[in-house]
Amino acid sequence: MNSTEVDPLLTAPAAPSHAPAAEAHPDHRMFGFIVFLLSESVVFLSFFAGYIVYKTTTPNWLPVGVTGLDVREPAINTVVLVSSSFVIYIAERYLHDKNLWGFRIFWLLTMAMGIYFLYGQAVEWSGLPFGFTDGVFGGAFYLLTGFHGLHVMTGVLLQLIMLGRSFIPGNYDHSEYGTAATSLFWHFVDVIWIILFVLIYIWQ
Amino acid sequence: MVNLSVKESIAKSEPPSPGEHEDWRRFFSFSTDHKVIGIQYIVTSFFFFLVGGIFAMVIRGELMTPEADLVDRTVYNAMFTLHGTVMLFLWTFPVLVGLANYLVPIMIGAQDMAFPRLNAVAFWMVPVFGVVLMASFLVPGGPAQAGWWSYPPVSTQNPAGVLVSGQFLWLLAIALSGVSSIMGGVNFVTTILRMRAPGMTFFRMPIFVWTVLSAQMLQLFGLPALTAAVIMQMFDLTVGTSFFDPAKGGDPVLFQHLFWFYSHPAVYVIILPIFGIFSEIFPVYARKPLFGYKVVAISSLMIVGLSAFVWVHHMFASGTPGWMRMLFMFSTMLISVPTGIKVFAWVGTIWGGKLRLTSAMLFGLGGLIMFVFSGITGIMLAAVPVDIHVNNTYFVVGHFHYVIYGATVMGIYAAIYHWFPKMTGRMYNEGLGKLHFALTFIGANLNFFPMHPLGLAGMPRRVAEYAPEFAFWNVVASIGAFLLGMSTLPFLVNMIGSWIQGEKAPKNPWRAIGVEWLLSSPPVHHDNFKELPVFLAEPYGYGKSEPLVANPDTLEVTRELN
């Protein structure tokens, strides 16, 4: 009797014989990730709301000596980032068709475009005549672009991990959750940037 | 970690019989079992409840006399700031997450939460940010002193001139708490929406599950706003940005908006699971189905929706334009409708029932009475003229302590008594439980009722010193507070004593209907069920003699089955 009692405890966690127990761990990660992104978007919404309040109520919006933001370079940056959303989709299609090298090339291209965006941002930041503590405008500008840039950087790092994983044999045979979630995160960062670009650069 | 505990039980070469296979050490490990994590949450947060209670004792000790003579004023400021912060972020939120962690997966017929490791990480962040907050006693200048609202410009002062100030650690702790709560929110919403057992449709979920789902949805859309505000204040405090500094063009009221956009719904994050607990407990001890089950379920979601549009009622005195006052007065009064529906349903459930006044039921009834009282003062406060009159007085303090202590803490006690046999496998001592109830109920009313006349007479909150004519009610309140402090002693004795040597609990000591009562006390394995339950009926089928699940005898591997 004792041995039969020990048995279920030993076998339950891993045993395929207990069919319901094995089925009880289906993949909910994508669902959870979407819930997380919805929540994360509220941080950006709060910053956007704050920006709109500041923009419409602050008497001396731009710091002394600043006439406005140059739109040309950020516009190029925007085009690069938005296009990368299509490139990452192509990479995903290749992975779906089990063409690993096609996946890697387009995935790497996405990463390159993300890094170019970050580089462009860094160049823009270094050339600006105002800093983080120069009035509400300076604070809001660097807060929004910086928080978004942090997300781009996170996206590139996630992409690097997924690229590395593609060299593990059979890694993407059963689940493409990693790349699908990274790609969704990338689209999310993209959409946030479009709103941000309209708010900061177009609406001056 | 699971494997570890399994290996240990092999090493002992003893049969793991229900209630005995448990190694107490797993409660101190990075366990991914939602039942272990639930108890970890409850015990950790109860520790912080006692810490926050000691802060409250200091506050009430200071207020025994009109003069500021017990502690230094900066210490007093730190006490009320940390009292509020600890009680909300380290007691009510985590203890309710703990109860939900233990109960929700079992109630919906799931083996565990959707993301067990994420669950464990979310729990272990609680002691981490608890330590961060307590560490603020050690930094120059002492802990944060701006109240739990942390309104600028008071909160962005840094008289000690150090980078790691008390306010800095406060902000850090709140940010970490937010990360932990978001992890929990993602986990609960995914679990409830995706992992229900066969037959467990939405309208067969126990109300507790409905309310946890509602509360966690609120966390997910509210907390990020607080996080945004905390990040901005952190920059104002440390690097000197001017988001909330009016001298440099910033807008301090924006902080209030972001803060209350979360922190008012946060009240519902706290009270909704309590509504769930009331809805679970009253049918059991009144032997009647929950009155209006579907309406009660839907009213939780109505509260979620409405609660996103009520936050400005905390800011009627913050230079809010007239149209906003009118709008938010209306929405605030509107939210009392779904709440009133629930109160009506509970009264309808108890009405004419065969009441068994166990400790859990007494706490439930006591909590309900105090909640109704706080609801009445809540409606008063929703009206702009009354709110302007009593703004920042003890009337407000009295109102929300009736909600947070009267309803919430009493509801938590009710839940702990009700599910104690399930969680520990032991029965608690009913006599000590009733003593605990009497002390708590009398203490809470003695403590918090006098705050209403004090506030109406104009005594401001957060003061260490007051006019002599307020002395009488303050002394009464302080006596009540010390009684409340004492009330935790029989509770602790009861809980610890019963857990160690209480009478063994049967599967279903309360003859309750619910899937958790079909499992042994405590449930034996990490995976809750050998065979997933197949649900056949709505919950609360008292007096209906219809089976809850199709397979009650095969849910678990037990001694009898072998």
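1. The model is predicted, so to speak of local features needs pLDDT of at least 70 and side-chain atom pairs count only at pLDDT 80 or more, while totals for chains, interfaces and linings use all residues. Residues are numbered from 1 along each chain as its sequence is written, chains are lettered from A in the order in which they are written, and side-chain values use heavy atoms, with hydrogens and water left out.

2. Beyond its neighbours within four places in sequence, Asp387(B) has contacts (heavy atoms within 4.5 Å) with His313(B), Phe316(B) and Leu381(B).

3. Six cavities of 30 Å³ or more are present; a cavity is a set of points on a 1 Å grid over the protein atoms alone where a 1.4 Å probe fits but cannot get out, and lining residues have an atom within 4 Å of a point. The largest cavity has a volume of about 140 Å³, the space filled by probe spheres set on the points, which are joined across faces, edges and corners. Its lining of 19 residues has Pro206(B), Glu280(B), Ile513(B), Gly514(B) and Glu516(B) nearest the centre, and comprises 14 nonpolar, two polar and three charged residues (Ala, Val, Leu, Ile, Met, Phe, Trp, Tyr, Cys and Pro are nonpolar, Asp, Glu, Lys and Arg charged, the others, Gly among them, polar).

4. The second largest cavity holds about 110 Å³, and among its 13 lining residues Tyr41(B), Pro94(B), Val97(B), Ser180(B) and Ser181(B) are closest to the centre. Seven nonpolar and six polar residues make up this lining, with no charged residues.

5. The second largest pocket, a pocket being an open set with protein on both sides within 12 Å along at least five of seven lines, has a volume of about 1,500 Å³. Of its 45 lining residues, Arg29(A), Phe33(A), Tyr177(A), Phe115(B) and Leu118(B) lie nearest the centre, and the lining divides into 28 nonpolar, 12 polar and five charged residues.
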